[in-house]
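This briefing concerns the structure shown below. Please keep the sequence and the coordinates at hand while reading.

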Amino acid sequence: MQRAMDIVLADEAGGPPTRSGPALSYQLVPPSPPPYDSADLGSPLSSSPSAGRRRQARCSRAASVASLFAAALVALWASRKDARRYHGDASDSVVALQAACHTAQPGEPCFVDVTWAMNTGIKERPDWYPQLTIHSSFEDFQASIAQRGVARCTAMPCPSPPAASQVAPPVEAAPATGPCHTAEFGSDCYNRVMWVMRSGIAAHPDWYPTLDLHSTFEEIQHVLVAKGEDCHERPCPAARNPFPRTPDVSTSAECNSWIPVQVVGAPDTWGLSDSMQDECFEKMHAVRQQGELQKDHFVVSEDRQEMKGRNWCWVGFKEWGCHRRWSDRLTWAEMQHLAVQSSVTIPLEFRPLQDPELCDRTENGAMRDWTPDEKTRASEWLKANVAVYVLSLPNSPRRGHVQKCLNDVGVSFNFVDGLDIRQPGMLLKAHQEGWIPKDFNFERAQANAYSAGQNMAGAGSIVGTIGCAAAHFRAQRSELAKPVADRKPITLIFEDDICPERDFVEKLWSLVLEELPCDWEVVSLYSRCPFGRCVSYRLTRVQPDTNEPMWRCRHGVNWGFQGVMYRTAAVEALQARWKPMVFDASKPNCLYLDNALAAISDRVNFYAVPAAQSPGFLRELDYGGSERIQMNYAATAGSPWHSCTTYGCVNDYRPWNKCQCNEACKKFDTCCYDYDMHCKAPGPTLYCFAVMTPGGEQALLSMQAQQGRGIFACEAKSVFSNMAVDLGGDPAVWTTDIDHDLRCGVSPQTSGALNTEIFTKVWAKVFAEGLYVEHAWTVKVDPDTVFFPGRLVEHLRPNPSGFPDGMNEPLYVLNCGIGLHGPIEVVSKAGMELFKNGGMERCIRENVTDWSIYGEDTFAGRCWAKIGVHRRIDFGILDETHCSGSPSPCISGKVAFHPFKDTNSWSACFQQATG
């Protein structure tokens, strides 16, 4: 590509000398017609490397090439006066030169030299390229090499316009003078900048061609002002880090050996009176949810029973101050102000971070003006001491972005494949390799996760969360797989939705050697809602949040595993303390790694960088949601959850089960992994019954009886109908005749069956048979419901405090957001006693429902509430479309799936659910 361009050189009195003679300025005089608007050229690069980096994102590629092109010709003019031709009068101070340009092409020696400089030279010898960074273009590098005359590039590159398909609409430059104002939190401009930073650039790079994933808040605001997108005032210059570099006195490459061991004392506790707690609870109870949950309050009265020991003012503070402003990099003082404004907590001072004036400050994360020597030393330190891994699902589209981001800042790394536990065989592999303990009871953990106390039902299944935890544990040990002599002392694990800031390497180097105590084991580089004590300008010492009970894993603070450093030599001992907490089925909130590690931070030397520091070390990109949560919601068929909590504990061998839950399995070594834990440990027993109408329901129940599935896996069972029928099975199962017509109409208002009268006769038969009295829970199940009694047992297993106690506490399970739903109804023995002993007759007498409008499930729910049977909320029981579920395929891990009205679809659902 050949073109000619005129360059005008002029004296500039008082400027810095260039080689010898007077200082020169330049301006481009493009040929006519110009190839692109002169406004696209921007301003020339500063001679300061740091200033060049700041401005480069705001200048077009053409501007960079033009400035280097002009600088090269200044030198050419100084050394080759015979090439001059005068412009205007005969003064030596103004000269115009003609010069040919050529951008190196593949196969040419110059192309090889430029490629090496871009990929290797800039990282190993940045002092050779003082005006360039790793973000500079091919043309920038060629111009620099040609100017220095040390390689095989003998021509300057041509500044080409962008391809036609990538040309952005003309944009006027943002005003360069006048007052500046950086967008503030909550403004339209702020929200737009944050969206562009976290999502827009990655999703629509063609919309923002002058920006990249490292662009600063101020650079983005500048572009949005020019484009007229929600921002109308130019930003002020970005703040610079206020702390000077400390002298290099450490004798260790892993920490600052001169910092004494940290003694942080006890974590802060927000001691509040019962009346204050009541006030905060009532404030949150007055808040209604949004979207599909808009009819529900944020907290309900039953939460006090389910969530004993919680500090409700602290819950409101965290939820409205931090969790709902997840990405806004606010300090705790700002977060409490937001929560108080939302009327969900009280304005009494509480410091989740002690000594916040030391590290809970936005400006502590600002860039420093790094010298070339510091950059070189930081890069050399990283290569010698830090092994970097990126945790990412195989074939994830995120890999391309994170690879470019890390390459841009000079970080070499290896990918570690994430674990998708949904895939066939992956759970077994995770067990065999030790990433998930073999005795981990998934069904019990899932049941506890769906309970109102743990409050994890909104995140779907826990399979994605389990896979995420297991993958992190595997990645942490990556360096330990190498020979000891090849291991680096620090292991750094990134998740694949991050992009490090431009001076990440320098910041990490300075953090470790200036501020990190030598007792450290783990450091989070991006910690939201940090709890503990500030111990340096950029570091907190994480402490357990004793304002939250341990049964919730001290949930809700110190979130952030996007970038975490581990002391390689300490990883094995660290995991020995950490994994038992993560894989404790009674505490499913501990499956969140950051929760679990913070909960045991009194036994682990855990440090963290508060997310309020901006821009800090890295930013989290938003790709439209968490892959972990997406896996939780969309677990595929074939998940190998073969366990006794799924199959039920039985006396006979069942060849259709992939592992066995009977005593003979010990002899033949075919036991499910949780046989001893589930079948030997006593749990609540179930009495289950169904009502059968002749026809298709008979075929469904006959199949279930013969296979020992559904209600026939319960300790006691009954089937009621309007005739006596042998359903088969061994021993044979006969129906009980209720002596009542089972036909009923359909409600014109609800489209449901008007079957309340029928079920009053059924309940009377249940009372008369009396089988329920020997069991903790009674379960009514529709024949077309695919039901797993073993899973229900785990939902009903009492917690350490003994709740729920079906034998002694009158309870029923609210299984659906719109009210009790009939495919499965669960009520305790104590509740059944109230229902039998005058309760049902009272409800009939007082007309708790209109039988011409509502069905039996509405009657039961309203009756139980009226007679003092308390509800236990558990939306992990039933997967049904009327309850906003997705029952097909049957992969959510719930207890029951409805409706499957023929034997083929019922069997298919059962197979999907059990793998």
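Which cysteine does a disulfide join to Cys110? The partner is Cys153, with an S to S distance of 1.9 Å; a disulfide is defined here as a pair of cysteine sulfur atoms within 2.5 Å. The model is predicted: local features need pLDDT of at least 70, side-chain atom pairs count only at pLDDT 80 or more, and totals for chains, interfaces and linings use all residues. Residues are numbered from 1 along each chain as its sequence is written, and side-chain values use heavy atoms, with hydrogens and water left out. Helices (H or I, at least four residues) and strands (E, at least two) are DSSP runs, numbered from the N terminus. Buried means under 20% relative accessible area, exposed over 50%, and partly exposed in between (1.4 Å probe, protein chains only).

**Disulfides**

- The structure holds 14 disulfides.
- The link of Cys110 and Cys153 is right-handed, with 100° about the S-S bond. Cys110 lies in helix 3 (residues 109-124) and Cys153 in the loop between helix 4 (138-148) and helix 5 (188-203), so the pair ties together parts that are 43 residues apart in sequence.
- Cys110 is buried at a relative accessible area of 8%, and Cys153 is buried at 3%.
- Cys405 and Cys499 form a disulfide with their sulfur atoms 2.1 Å apart. This link of Cys405 and Cys499 is left-handed, with -100° about the S-S bond.
- Distant parts of the chain are linked by this pair: Cys405 belongs to helix 13 (residues 398-408) and Cys499 to strand 9 (residues 498-500), 94 residues apart. Cys405 is buried, with a relative accessible area of 1%, and Cys499 is buried, with 0%.
- Another disulfide joins Cys665 to Cys671, with an S to S distance of 1.9 Å. Its torsion about the S-S bond is about 90°, so the disulfide of Cys665 and Cys671 is right-handed.
- Cys665 is buried, with a relative accessible area of 1%, whereas Cys671 is partly exposed, with 26%.

**Other cysteines**

- Cys468 counts as partly exposed at 25% relative accessibility.
- Cys744 is partly exposed, with a relative accessible area of 38%.

- Six of the six residues of strand 8 (residues 490-495) are buried, so the strand is largely enclosed by the rest of the structure.
- Both faces of strand 8 are covered, with Ile490, Leu492 and Phe494 buried on one side and Thr491, Ile493 and Glu495 buried on the other.
- Strand 6 (residues 386-392) and strand 8 run parallel and are joined by six bridges; two strands pair if DSSP finds at least two bridges between them. Tyr389 has Ile493 of strand 8 as its bridge partner.
- Strand 8 and strand 13 (residues 563-567) run antiparallel and are joined by five bridges. Val564 in strand 13 stands opposite Ile493.

**Packing of helices 9 and 10**

- Two packed helices are described by the angle between their axes and the distance between the axes.
- The axes of helix 9 (residues 312-321) and helix 10 (residues 332-341) come within 8 Å and cross at roughly 105°. Axes are lines fitted to C-alpha atoms, for helices over the stretch in contact, and angles run from 0 to 180 degrees between N-to-C directions.
- Helix 9 is therefore roughly perpendicular to helix 10, a class that spans 65 to 115 degrees, against under 35 for roughly parallel, over 145 for roughly antiparallel and oblique for the rest.
- The contact (heavy atoms within 4.5 Å) is made by Trp314, Gly316, Phe317, Trp320 and Gly321 of helix 9 and by Trp332, Met335, Gln336, Leu338 and Ala339 of helix 10.
- By class, this contact of helix 9 with helix 10 has seven nonpolar, three polar and no charged residues. Ala, Val, Leu, Ile, Met, Phe, Trp, Tyr, Cys and Pro count as nonpolar, Asp, Glu, Lys and Arg as charged, and the others, Gly among them, as polar.

**Helix 28**

- In helix 28 (residues 856-866), the buried residues include Glu856, Asp857, Phe859, Ala860, Gly861, Cys863 and Trp864.
- The cover over the buried residues of helix 28 includes helix 25 (756-769), strand 19 (777-781) and helix 27 (829-845).
- Gly868, which follows helix 28, has a positive phi, near 95°.

**Asp782**

- Asp782 is placed in the loop between strand 19 and strand 20 (786-787).
- Leaving aside neighbours within four places in sequence, Asp782 is in contact with Gly822, Pro823 and His898.
- The C-alpha atoms of Asp782 and Glu697 are separated by 9.2 Å, and the two residues are 85 residues apart along the chain.
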